[in-house]
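Hi everyone, thanks for coming. Let me put the structure up, and then I'll talk you through a cavity and a pair of helices.

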Amino acid sequence: MLSDPNLIAEFVVESLEHLEAIEPLLLELEKRGSTDASALNEIFRAVHSIKGAAGFLGLENVCSLSHAAESLLMRLRDGLCEFRVEMAEPLLRAVDALRALLRGLPDSQGEPASDLIAKLEALLAPCEPPRGCDWMASGCPPGGTCPAGDAPAGALLRLDAVGR
């Protein structure tokens, strides 16, 4: 963990502001039971910002939890997954857990949110892989993260198959 208390304090303030801004948006998504592209984009950007800064600062528990939430939000935002009401509760729990982790800084990084991360990751299972990703050839699992375009290994496997 980066030890600059001023940097960590600034991160905590900004991250708590992000969480305050997205919580009502998540509650509205839950209430409506459907997605709003603008709201999803705003929620995604906030969680992405928290994840990136947490990674830079070496805050593993904040980074891991925000990454799990970001992965689901990215699939929703990109239309690879359809919002279901049961997604709201784990996302709202992630907001609460992130808030608790942030409030414990810099004295403690808190406990890993392993169960919540597993729940968020399980929600990815029915999601399609990113468009343009031939997961059978590229080695990306269904619902997994694929590189932009296609993986070099996938291209090589397809080329090898052409020669047979």
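So, the lining of the largest cavity first: its residues split into ten nonpolar, no polar and no charged. Here Ala, Val, Leu, Ile, Met, Phe, Trp, Tyr, Cys and Pro count as nonpolar, Asp, Glu, Lys and Arg as charged, and the others, Gly among them, as polar. Keep in mind that this is a predicted model, where local features need pLDDT of at least 70, side-chain atom pairs count only at pLDDT 80 or more, and totals for chains, interfaces and linings use all residues. Residues are numbered from 1 along each chain as its sequence is written, and side-chain values use heavy atoms, with hydrogens and water left out.

What lines the largest cavity? That's Ile22, Leu26, Ile43, Val47, Ala69, Leu73, Leu91, Ala94, Val95 and Leu98. A cavity, on a 1 Å grid over the protein atoms alone, is a set of points where a 1.4 Å probe fits but cannot get out, and lining residues have an atom within 4 Å of a point. Helix 4 gives the most to this lining, four residues; helices are DSSP runs (H or I, at least four residues), numbered from the N terminus.

Now the pair: helix 2 (residues 37–57) and helix 3 (residues 60–77) pack at about 150°, axes 8 Å apart. Axes are lines fitted to C-alpha atoms over the stretch in contact, and angles run from 0 to 180 degrees between N-to-C directions. The two helices are therefore roughly antiparallel, the word for angles over 145 degrees.

Technical notes. Angles under 35 degrees count as roughly parallel, over 145 as roughly antiparallel, 65 to 115 as roughly perpendicular and the rest as oblique. On a 1 Å grid over the protein atoms alone, a cavity is a set of points where a 1.4 Å probe fits but cannot get out, and a pocket is an open set with protein on both sides within 12 Å along at least five of seven lines; lining residues have an atom within 4 Å of a point.
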